[in-house]
Amino acid sequence: MSAHGTAADAPERPPDGPERPLRAMFRERWFSTLFLTDMWERFSFYGMQALLFLYATAPRSEGGLGLSDGTAGALFGLYVSASFLAAMPGGWLGDRVLGTHRAMLSGALVIAAGHACMAVPAQTSFYCGLMLVACGTGMLKPNLPVIFDQMNPGASSAQRQAAFSLFYMSVQVSALLGPLVTGALGERVAWHLGFGAAAVGMVIGVLQYLHGAPSLRGARTGPSRPLPPEAMRRLVRGAWAGLALAVLLAAGALAVGGAALHPVLALCGLGSLIAPVWYFRRLLRGGELGTAERVRVRGYLRVFVPSVLFWAMFGQLGSVFSLFAREHTDRGIGGFLVPASWFQSAHPLFLLLLAPGFAWLWLRMGARTDGGRKFAVGLGFAAVGFSVLATGAWLAADDGPVSPVWLLTAFLWVACGELVFGPVGLSTTAETAPEGHRGRMMGLFYLGAALGAGLGGQLSRLVGVLPLWSYLAGFAVVAAVTAVLLPREDRRGPGAAPLASGPGTARI
């Protein structure tokens, strides 16, 4: 399979440009290839996410890890953070070494291998699989939107945001089904059988991507800025040395009966907080960017900073929200006890239902509303969701389990927030990226999520110390205050440089 395509290889597409209707994408082969790849990746991600916290807190006598709620929350946050953090080297590999096509395929294969490891009923295999899934996700996620944007050349800012909203809508079908399938198998039959279902879904995703890859030959799938031969040789030597070191460390940990979980979580959590800041500074101080490109990347902080807070809140969905579902929600319906993991399907369901409306909204608004105001609205949505759940937790503390309406309403509002931060953030990142740095800029977008998820995972340890309602209310207050202040910070004086160029550029 060729890494580069020619004009003859390019699939027939409707004319590019602002007049091209968005619905035309659904009739093209390249869209279905990317859609199905992301669909199966989301099936495995949400399916595994629905089980992770519940499996980690289940007693060892029931096949779980027997961790406390706070430690399991930190583990979940670290996994989400590591998945986003891996987007930094994943985007770099797509730009400089593998190209977006090969980086995506490699990531999908690694994810499938990770889920297969988690299907093995052994603690060591579980942690190894968790690491592989995080690494594979970091390879796939920053490169997929790059290809998606390359297949949509000439689109305006509003069209990009609407297109990413529709793509968000499309992949939520599998995100809705994933927790239902893996949750039923994991909670009712065997935990590792649920993880195995996620592995099967990812294998299907790999096979269909290989089948549809020829439709992507019109996009630039090779490295946009290949490494020089000598740098490539150093990279290969360093990769082998790093792999050997990892194997030695793992072997040493096994020889002494396993590494202590708490210090490992603390060390990795600290790394997830430091790495994004280090990378941002390195990108700005390196010699690869010109003065104008540095200005654009520095202006990207207006996306990066609010994203950290939102993704810290998003990282609570699979841990603290799962805890609320298990401990404080009345799950009985006509004698049937709804598995706690099934509530994780509520979030993608709301995304699926609401995405068309948000896509229409971005087209309607065009570039009239800047990114800072949009992100302020997204944080406001998340603040309302956490306020609702905090109220439900406060009532449950006095009267016992409450109606599932409290949890479902909270999921609804956080989904509205994601439909702002996801499509608008991806679109803005695609516009802001300097030529030859698109993969790494997508990695930078996910670094904000990594920093937020890592911070949220560490803060989730407070669940065992603070009342649940006060923990949730704290997030709501911080998000609400930030939402009020953000539009004021976003105002710039005359002559400020836009973060992107091209038709319909949105100023953020």
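Residues are numbered from 1 along each chain as its sequence is written. In this predicted model, local features need pLDDT of at least 70 and side-chain atom pairs count only at pLDDT 80 or more, while totals for chains, interfaces and linings use all residues, and side-chain values use heavy atoms, with hydrogens and water left out.

Helices (H or I, at least four residues) are DSSP runs, numbered from the N terminus. Helix H4, which spans residues 99-118, packs against helix H5, residues 123-150, at an angle of about 155°, and their axes are 7 Å apart; axes are lines fitted to C-alpha atoms over the stretch in contact, and angles run from 0 to 180 degrees between N-to-C directions. H4 is therefore roughly antiparallel to H5, a term for angles over 145 degrees, whereas angles under 35 degrees count as roughly parallel. The contact of H4 with H5 comprises 17 nonpolar, twelve polar and no charged residues, where Ala, Val, Leu, Ile, Met, Phe, Trp, Tyr, Cys and Pro count as nonpolar, Asp, Glu, Lys and Arg as charged, and the others, Gly among them, as polar.

H4 also packs with H1, here at an angle of about 30° and with the axes 12 Å apart, which means that H1 is roughly parallel to H4. This contact (heavy atoms within 4.5 Å) is made by Leu 34, Thr 37, Glu 41, Ser 44 and Met 48 of H1 together with Met 104, Ile 111, His 115 and Met 118 of H4. By class, these residues divide into five nonpolar, three polar and one charged.

Gly 99, which has its place in H4, counts as buried at 0% relative accessibility, buried meaning under 20% relative accessible area with a 1.4 Å probe and protein chains only. Although Gly 99 and Pro 223 are 124 residues apart in sequence, they are 4.0 Å apart in space, C-alpha to C-alpha. Helix H3, residues 87-96, is mostly covered, since seven of its ten residues are buried, among them Ala 87, Met 88 and Arg 96.

Leaving aside neighbours within four places in sequence, Phe 321 is in contact with residues including Phe 386, Leu 389 and Phe 411.

Key:
Helices (H or I, at least four residues) and strands (E, at least two) are DSSP runs, numbered from the N terminus. Angles under 35 degrees count as roughly parallel, over 145 as roughly antiparallel, 65 to 115 as roughly perpendicular and the rest as oblique. Buried means under 20% relative accessible area, exposed over 50%, partly exposed in between (1.4 Å probe, protein chains only).
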